[in-house]
Amino acid sequence: MDIVMECKDVTYSYPLTKKPAIKNLNLKLERGKFYGVIGENGSGKTTLCALLRGFAPSFYKGELQGEVLLEGKNINEYGGEIAAKIGFVFQNPFTQISGIKDTVFEEVSYGLENFGVPAEKIEKRVIDVMKMTNIETLAEKSPFELSGGQMQRVALASVIVLEPDILIIDEPTSQLDPEGTESVFSIIETLKEKKKTIILVEHKIDLIAEYADEVLVFKEGTMIAFRRKQEILSDLSFLEQGVTLPQVAILGRKLQERGLGLSAIPVTEKQAVEVIAEALQERNK
Amino acid sequence: MKDLILKDVSFSYPGGFLAIEHINMEIKFGENVAIVGQNGAGKTTTVKMMNGLLKPDEGEVLIGDMNTKDYTTAQVSRVVGYVFQNPDDQIFHSTVESEVRYGPKTMKLSVEEEDKRVKEALEITGMEIYKDENPMNLPLSMRKFVTIAAVIAMGTEILIFDEPTAGQDVEGNKRLSAILRTLHVQGKTVITISHDMEFVASNFEKVIVMAKRKVVRAGTPKEIFWDFESLEYAMLKQPYVSRVCRALGIKGNIIDIEGAVEGIMDR
C-alpha cells in the first residue's frame, strides 16, 4: 500500500473549547483513492480537512495531540511547498476568493503566479482549467459579481489549476444546481484518473455512492466507520447516526421488508434498477 | 388576500446583464411553492422582485393590491420577508437572540409582542439552545437557521427562502421541513428556492421551473418531475426514486420512496 497521508492518535480542540473537535483519530489514506467523508453537521468533517491540510493548529491555533503525516513527514514541518502538494477547496466559496483580483481569469491565475510559473504557461493552464470547470464565459467578470454556484466553480478551478497531488474538497456543490453538481463530480473523477488522492466532504450521498472508493463516517468528532462505500452505504443502521444514505438503499431495504428478495441493497441508481428488475423477474416466474 | 402576481416582468442589472424576461407567475396566498432551475436561470432575481429589493424594468409585481413600483423596499419588506442565499450577507449581531430581535425592534411593537415574536421564531427554527451564542461561531448550516429565525420574527405574511437546503444534513432538512409545515399551518405563503429535488418532491404543493431567464412550467411535484421535456430543457433531474421507477417502467408518476415501494410491489 502506498500511504500518502496518515493521522496517528490525533485529538484536536479549537481554542477556548473543552470538547475536542476530533478524537483519537487513526487513519491511513492511500495514494490515488477517492475518499468520501460523511456525517452530520458538526461531526468533525471540516476539522478533518483543516488537520489534513495543516491549517489546524497552525492557522486556527488550538491544541493538537498526535500527528498528521504527509508522505511520512509531519505536516507542520513543511513550509510553503505544501500549497503545491495539497489543494484545498473551502466550504464557503466566499472564503476562497482572494479579494484582490479584478477578474475571474486573474483569480484563477493567482496561485500559479505565486508559484513563479512563467506567464505563457500560466495562460494555457488557466484556459484549460476554465474550460474544464465551465467558467470560460466568466473570465472577464469580477469575482464579486458571481452567483454562489459560479463562485464555487471558480474556487475549484483556482485549486485544480495548481495540479496538486492531493485534493481536499469541503462541500464543493452546496450552491450548485443538479447539472453543475454532476459536472463537478465528473471533474473530480477526471482528477482521480490522473491518480490524484481526493478527500471530499459531501452531503449529496447519491454522488458519493456513484464515485467514491471508500467512505469515512464521523459522529461527534469520532470516526465511527471507514470501509468500502458499498458496505457503508447499504447499512441502514447508519441512519441512526445522523448519516444520509442513498434514497435507493432505503428503497431497497423497504422492498426487502415487504418480502421482495433483492440480491443486494443497492447504493446507486444503476444498481437499484438491476437488482430490483432481477428480483421482480424471479418473483413473477 | 395577498396573492403574489408577476405580470410580464423583465429586468436587467445595471451594466446590461439581462436576468429575467417576461416572467409570469401567480402564487396564491397561503401556497407553499418551490422554485427550481439551474444556476443563472433567474430564480434569485425573481424572488428579489417579490420583496421589492429589485423593481421590474418592464411589467409589474403585485402583492395583493400593492404594486411594488409604488412602494419603497422597506415598505414591501414588511409584507414579504427574504432569507438571503448567503447567511453572512445578513448577520450583523453578536448573539443569535439579538440578531433575531433586531427586526421586530425596528417595528416599534409592544415589549410583550416583541418578546413573543423572538421566542416563537427561535422555537420554530430550533435555535433556542443557541440564543446566547455568537452566530459567527455556528456552522454555516446553522447560521442559515439564524437568518430564517430573524425573518420569521418579522412576522411577514409572505416568506422567501433562498436555497435553505444548501449544505444541510439529514437533521437540517428535517428541521426545514418542520419549519415549512409550521408556516403553512399558520397560513403564510412560503416560496423556497432549492436544488435538492428529493426535498422539493416531498415538501411542496407546487413547483415552478425556471430556465434561461423564463418560467418553463408550474405544476404539482408529480406533474413536474414526470415532465421530461421541461426537466430536460431546464437541465434538471428527477428524484432518484423516480429515475429508478422510470427505468423499471413503473407508472403512476412516483416521486417518493413510499410510492416507489407500492409501485414496485404491485408490479
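Predicted model: local features only at pLDDT ≥ 70, side-chain atom pairs only at ≥ 80, totals over all residues.
Which residue in β4(B) is the bridge partner of S10(B)? It is E58(B).

Strand β1(B), residues 4-12, and strand β4(B), residues 58-63, run antiparallel and are joined by 5 bridges. They are part of an open sheet of 4 strands, and the order is β2-β1-β4-β5 in chain B, with antiparallel pairing. At the edges are β2(B), residues 18-27, and β5(B), residues 66-67, each of which pairs on one side only.

Now the helix on that sheet. Helix α1(B) lies across β1, β2 and β4 of chain B, and runs at about 125 degrees to β1(B). How many of the residues of helix α1 of chain B are buried? The count is 8 of the 8, over residues 43-50, so the helix is largely enclosed by the rest of the structure. Buried here means that 20 or more other C-beta atoms lie within 10 Å of the residue's own. Among the buried residues are K43(B) and K48(B), along with V47(B), M49(B) and M50(B). Just after α1(B) comes G52(B), with a positive phi of about 80 degrees.

On to chain A. Here 6 strands make an open sheet, ordered β6-β7-β8-β3-β9-β10, and the pairing is mixed. The edges are β6(A), residues 86-89, and β10(A), residues 222-228; each has a single partner strand, so one side of each is left without a neighbour in the sheet. On average, neighbouring strands of this sheet are turned by 15 degrees against each other, direction ignored.

Strand β6(A) pairs with β7(A), residues 166-170, in the parallel sense over 4 bridges. Within that pairing, G87(A) has L167(A) in β7(A) as its bridge partner. Helix α7(A), residues 148-160, packs on the sheet and touches β6 and β7 of chain A, its direction making about 175 degrees with that of β6(A). Another helix, α8(A), residues 178-193, lies across β3, β7 and β8 of chain A, at about 155 degrees to β8(A).

Last, the two chains together. Contacts involve 36 residues of chain A and 35 residues of chain B. On the chain A side, the elements giving two or more residues are α7, α8, α11 (247-257) and α12 (269-283). By class, that side has 13 nonpolar, 15 polar and 8 charged residues.

Technical notes: Residues numbered from 1 in each chain as written. Chains lettered and ligands numbered in written order. Buried ≥ 20, exposed ≤ 12 C-beta atoms within 10 Å, placed from the backbone. Pairing = 2+ DSSP bridges. Axes fitted to C-alpha atoms, helices over the stretch in contact; angles between N-to-C directions. Contact = placed C-beta atoms within 7 Å. Nonpolar A, V, L, I, M, F, W, Y, C, P; charged D, E, K, R; others polar.
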